[in-house]
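Here is a brief report on the structure shown below.

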Amino acid sequence: MMKKIFINISLLLTLVITFSSCKKKLADEFNNPELSTKPSIPNFFTAMLNNDRVRPAYWNLRTYLLLQPAVYSQTAAFDNASGVYQQNDGYTGNYWTDFYYASGNGSGVMALYRSIEKTYNGLSAADQATQKVFLEAAKVVLYDQTSKMVDAWGDIPFSQAGNLETNSAIKDAAFDDAKSIYTTCISGLDEAATFFGASTTASTASFKKQDILLQGSLDMWRRYANSIRLRMLMRMSFFDETTAKTAVNAMLSNSSAYPLIDGGSVANYSPASSDVLLQPLTTNQNTPLNAFTEGSSFYAPDYMLNTAMLPANDPRIPVVFDKFGKTVNNVFVPNATYKAMPITFTSDQQSNNYTSYSIVDSATFLNNLKLPGIVITAPEVNFLKAEALERWGSSSAAETAYNTAVSQSVAFYYYLNNLGGGKVTAPDAPTLAAFLNNANVAYAGTTDEKLAKIWVQKWVHFGVLQSDEAWSEYRRTKFPQLTFVTQTQNGYQLPPTRLVYPSIETAYNSHYSGAVQAKDTRTTKIFWDVK
Amino acid sequence: MQKLYEVCKRSLVLLLIILSHSAFAQTTVTGTVTDEVGPLPGVSVTIKGTSTGTQTDVAGKFSLKVKNGDVVKFSLMGYATKEISITSQSVLNVQLAQSSNELTGVVVTSFGIKRQERSLGYSTSTITAKELTEAGNTNFASAMYGKAAGVQISTAPGGASSGVNVQIRGINSVNFNGQPLYVVDGVIIRNEGQYGANGRNNGGFYDDQRIRGNGILDINPQDIESMSILKGASATALYGSDAGFGAIIITTKKGAKGKGPTVDLNYYGSVEQAAFLPQFQNVYGQGYDRATNLAVGANEDGWIADSQSPGGFRPNFRPYAEFGPKMEGQKVRWWDGSIRSYSPQPNNYKDIFRTGYSSSANVSISNQTDNYNYRLSASRLDYNGIQRESGQQKNTFSLNSGVKLSKSVSVDLIANYVNTLTHNRPYQTNQLAASYDGFFGREEDMNLVLQKFQTSQGYAWVPYNQTQRNPSEAFVYNVRPNLYNYFWNTLKNTADENDNRLYTSATLNWDVMKHLKFRGRIGNDFTSHSEEDKQYNQYAVAFNPDNSSTGGYQLSNGIYSIVYGDGLLAYSNNIGKDFTYSASGGFTYRTEHYRDQSSGTSNGLVAENFFSLSNSYGILSTSATRQALIKYGYFGLLNFAYKNYLFLEGTMRQESSSTLPPQNNTYFYPSVNAGFVFTDAFKSSMPSFLSYGKLRASYGVVGNPAPIYKSNVLYAQTSLQSINGSVTSLSLPGSYGNLNLMPEKKYEKEFGLEARLFNDRLGFDVTYYSNRVKNQIIQLQVAPSNGGGSQIVNAGEIGSQGWEVALNATPVISGDFKWQTRLNFAVNHSKLYSLPANVPQLIFSQSEQNAIVVSAKPGEDLGNIYVNPIATDAKGNKLVDGTGLYIIDNSKYVKAGNILPKVSGGIANTFNYKSFSLDVLVDYRLGGQMVSTPQKYALGAGMYQSTLKYRDAAHGGVTYYVNTAGTYVQLPANATAGPTGEKVYHDGVILPGATANGQPNSTIIQAATYYFNTFQWGSDADNQDGAIYNNSYVKLREVTLGYKLPNKLTERLHLYNLRFSVFGRNLLYFYRTLKNLDPETTIGSQWYNQGVDNGSMPATRSFGLSLNASF
């Protein structure tokens, strides 16, 4: 009997010992084996750059650009339907979310920036010195993307955002005033540019490898920071002209201290080496085709083709648009001329007649596997220069900048066409000169007329790929003078002047109710929208 | 020595007395034991207080030597035990009554510990095999509707392959799946572990559209012997965290003692049809209000001029709304180019589906001898649901065996193998119901869609703007695409799943010595899952764009494994004759592994419809995930009983879980419960009608760890193939972890009273419970600006309290007729008690740009629905704007209901007359609301009968004309022209309400304008009236009419217990508040998804027959 009890007890003891060794196993099984445990500033930085909200990726084009900014700025065509001016809450919520954390399509620049910041703060002074270049570059990217958020929504959670990364805890961020965010970004970009320009800064092997945007070129980072800063200053120039004028004049009058993304002010410049373009991954397999064709976005937009480009005999037409045509008895018969459907066409007219009108170009846009994400280009910077010079400096210098910008835009679109395998030959010098002298383009007339030319041409340059910028500039300048068909849906008869906050934020952010909510209408204007 | 002598002497005297007594009075008694339908084999017939006894044979006969004064006890699982005192009978014909609940006396509790029901201090429910199988349900869980108090069942539509949710006692977890623990023959089995913390079908519109199943579907109802449901914390305390949401303990059938091996045969066959469909209007076809019709290029009525259409006009097939022309059989040109009648198709929604059928056959062989018992069973289920081209075949083999190795050692071996082939799991109608692109006209003929969703060459339908793909078969007009895509996805594309599951257990029972028993058990549950998805090329590859093709192929494999072990050492003894006790100690250990791997083509297939990974247009996509967890615990149990009427039990458990951060991964909790059979304690002073009465009280604590990996703070590493070469990028997951997470703990107290009266003709069981879950683990949704979508936190306290009442009665026994009734109802109230300071409220679901939220603030009930109301003035009048439409106040929320029911339960009646039996089960849920945005969209689109209101004079439309300023001016109803001959309309409506200046609204608007704008998508709509509906119903769930052939007739065929029955399930609603939706169509495993409809699939009604026999 005793023996049996003894056996039992030893059996139990064995079991207890067996399970004690489980204790360690228990801790080992805690972490998900598919994920990494080590934070790394360079790797966070790459993730931040790899942003499908910057590239013309399917989701960004299909659900954000083509449904909202491109409709409100008419840089793309759209189905003439009753709800077309109503923003899609879910899709705009996706865009919003992708700014704050990676939720599927964007890189989540805010969360990654906060992670970089936090990791950086935990480093030794020596390590901080080698990693500072990542921090500063990350800041430029953050501020660039932040300005797009402000331009769409106005006040946004900014200075307190990303508390999960900063403190591993939930704390709703207050909505910062849009103007103060602009101020923060403008001065922060200046500091970053200064950092990149300092002789003591050196690019490291790690930075060159991880920088999938500019391959570690400190000069390009400096130009990028300055150019975004110029864009933001010009954007707020009707709201606070004094500040803008002072800062912009300081930049333009000292180009060695403030180098810009201006393509060396050469007309036939090289976008690949001069512009800030986010190249697709080499494994990219997706073209923008579905994004354009699932809706009616691939039709040529009326004002752009019929009013801005055709009368000017614009040399960009063959690379931006395709004549299109009909299939008759299995034979494709192209249309005789380039022409866009009138914006006033009803949806029935659109669906019956679209084959008689032009669509966007297939090599440049629809089937282009190599289409880059456009961050900022030389033509835009030269248009900004032209406006600044026209308003605050010499009109002839403005004309030079304007002509450079227009010519560079032509070069830019032929560059995109080439990337997509297009074979259209670039216009020769006489053709380009004739274009610049065409009455619709030529830099002539009153200051207002000249500014209008700058703005219309810049709008053409932005096109559908930069329709977010086109919409912002349309709201700031009220050019081009677009006509919008009034729709029947109550409350959504015309396009908004800003996006309303997505419910994904307003439902949860305790700072929303009250003053922020009171301003949250689709007709509230962004602070710089004063014209 | 003296003492020994005394003992011997006394024993001898006693022996002599016994012997002499027997010698004088022993006789043989014979008889037959029957139930209401016929003889009962295998009934244990014993003389009470002795080990003497026998069993009835196949014909229910027995013979036993007895003497006067003996009490003969008849007992059989599933029947109420009967005792008869022998006076001088020589024949004892006994009828046993089937018992549903308490009457059997034995309940299987945690870890398979069998307990006398009377000794328990907490509430349990048991459901018998008969109740689970008689109506031919393909799984046991959907057979539980209305059968156990406080147990709420929801079966996702789609039939045999769709998951079933079981919710016990309200909400115990605000985020995670909250399903009970399933234990089969002592082993914890997999239910939904493979889906991880996110569960299944919770993702809505962009999520997986196929309706997924869960693990309990694999348990064959035919193999279940009995089932106990453990509800409260005290009942489940030994299982700990695994059973935080209750436990369902299933015991499968064993070999029964009879005349050698017995073969049982069961067959069930049934047909099912889509039922309880929306009430559509069948008057108007596709079109918008007048202004929009004109804006899209049609005329006022919605006709489009078309010279190729017979009358010069054709319908507009593009609108998602139904305010177009009246359908009066006009000959018009259709979207396929043919000339057809413009006529309503009242059944077109139903016609998307087909008549389904289900067939289930089971054969088993079983036997029991003194040394071994076995039961082998094989089942085959063929299921073809209402979704066309979908189906499931399931083969189940199970072995349940026991071997007695020696007097003190026995071994039980149980093995189940389930092979399931699922072809095209049912597809949600989500993209038809929740998207305007899925809306189709009332004139749409599904027969035509069935012909046209693919071309004669087997490619997808060709839209009007892609005519080059097939000029002769291309659609000639623009349509809304989702319907045709739905047919393509469900009828052409295929998804085949093959699951092989083996779950087994081996148990060693060892009577170590007198009073001391040991039981050790190991078990496993292993599943290999594979899925092959084929997407066909939508058009010939010649029409491919430059960089992609269509079609696709995907292969997925999963290996899911649970290994389980437990050991239990129990010592029991008594102190004196009144006091017994037992002490047990044990451990339990479990590992779970889930591995999934999936590879697929990208950007289409290069060669047409060649399904192989080698045929990918782009770079293959592939993914793999591994999940593993370990849980173990030590537990102890102490029982005391006094005079078999006062019982006390205490338990404790220390458990460890790898899913919690290491510093918090071990925790401890106790429970205590007591039962007091007061009718035995105060026998003399009890009224004679009260045969049994017991009071119960219990208190328990259950800890609960985090779901797997959710509290990790880790980074996703990817190698990007960039222009700089392969570069490492590190990103953050959207749901942020928490390394300080602690287990949540549920504290529950429970009191109960049960009684049987009037010779057991009436019985009831009343339970009150109240619980608090502290440090609730919540995947807290946060504003994205926090830098993440959510964080897992211990946030606040929730709690539920409620009543459960079960009543059973035998109102009539008269000759051959007997009526038994069982009724249960449960009232539950779940509340949020507190939240941390930085969390103002919990939001479970939000829709329509936040205009509808299901949320809770501290002190509020869980499941409250809040909505932006129509704006009102100071007097409470609804405000109407200048266009004649209501103004919505988006700055304010009003409470519009609660998604949880107030009361739920069921009423089951059994009527027996001779060999006939009729079972009728009604279940109900009363109170509570449902959020259904698809119904709002359909209202706005004029789909329902209810939207005929105001559309003409007969439906209350106001008569008016449009003056030159565009204003609508009212006319007398009989007017035929305006003052200057203007056209007269009869579809006006003046919304009751006030304008901004306080005057009553007098603006006339067109009815279509009213519906179209008032119930449009988004927050600028009347969401309160459009999307929130009362959800109460009383449903006739199951009716079974059975006839058992007399054995005399069948004996010659060597058949016994031949029973034939017809049954119907989900027959009708006696009452329901939802008119255009079935209350049970919601899917998703999260509790709040049960109150939010997103358009899943129609519910069904089925009829069938069954045949049972034994050889």
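A:Ser265 has a relative accessibility of 36%, so this residue counts as partly exposed, the class between 20% and 50%. The model is a predicted one. A:Ser265 sits in the loop between helix 13 (241-252) and helix 14 of chain A. Its phi is positive, about 55°, although the residue is not a glycine.

B:Gln849 is not a glycine either, and its phi is near 50°. The residue belongs to the loop between strand 43 (842-847) and strand 44 (852-856) of chain B. B:Gln849 has a relative accessible area of 14%, so it is buried.

| Residue | Phi | Relative accessibility |
|---|---|---|
| A:Ser265 | about 55° | 36% |
| B:Gln849 | near 50° | 14% |

Another backbone feature is in chain A. The peptide bond between A:Phe479 and A:Pro480 is cis, with omega about -10°. A:Pro480 is placed in the loop between helix 24 (467-477) and helix 25 (503-506) of chain A.

Back to helix 14. This helix spans residues 271-274 of chain A and includes A:Ser274. A:Ser274 is buried because its relative accessibility is 17%, under the 20% limit. Beyond four places in sequence, its contacts are A:Met220, A:Ile261, A:Gly263 and A:Tyr269.

Next, the nonpolar cores. The largest has 168 residues, and A:Ile156, A:Trp221 and A:Tyr224 touch the most other members. Helix 8 (residues 125-153) of chain A is the top contributor to this core, with 13 residues. A:Tyr224 has contacts beyond four places in sequence that include A:Val140, A:Val141, A:Asp144 and A:Ile261.

Last, the interface. How many residues of each chain are in contact? On chain A there are 95, and on chain B 99. About 8400 Å² is buried between the two chains, and carbon and sulfur atoms give 58% of that area. On the chain A side, A:Phe30, A:Ile170 and A:Tyr508 lose the most area to chain B, together 10% of what that side buries.

B:Arg318 forms a salt bridge with A:Asp79, with 3.8 Å between the closest N and O atoms. Helix 1 (residues 2-20) gives the most to the side of chain A that touches chain B, with 7 residues. By class, that side has 39 nonpolar, 40 polar and 16 charged residues.

Methods
Residues are numbered from 1 along each chain as its sequence is written. Chains are lettered from A and ligands numbered from 1 in the order in which they are written. This is a predicted model: local features need pLDDT of at least 70, side-chain atom pairs count only at pLDDT 80 or more; totals for chains, interfaces and linings use all residues. Side-chain values use heavy atoms; hydrogens and water are left out. Contact means heavy atoms within 4.5 Å. Buried area is the accessible area (1.4 Å probe) that two parts lose on being put together, summed over both. A salt bridge is a side-chain nitrogen of Lys or Arg within 4 Å of a carboxyl oxygen of Asp or Glu. Helices (H or I, at least four residues) and strands (E, at least two) are DSSP runs, numbered from the N terminus. Ala, Val, Leu, Ile, Met, Phe, Trp, Tyr, Cys and Pro count as nonpolar, Asp, Glu, Lys and Arg as charged, and the others, Gly among them, as polar. Buried means under 20% relative accessible area, exposed over 50%, partly exposed in between (1.4 Å probe, protein chains only). A nonpolar core is a set of buried Ala, Val, Leu, Ile, Met, Phe, Trp, Tyr and Cys residues joined through side-chain atoms within 4.5 Å.
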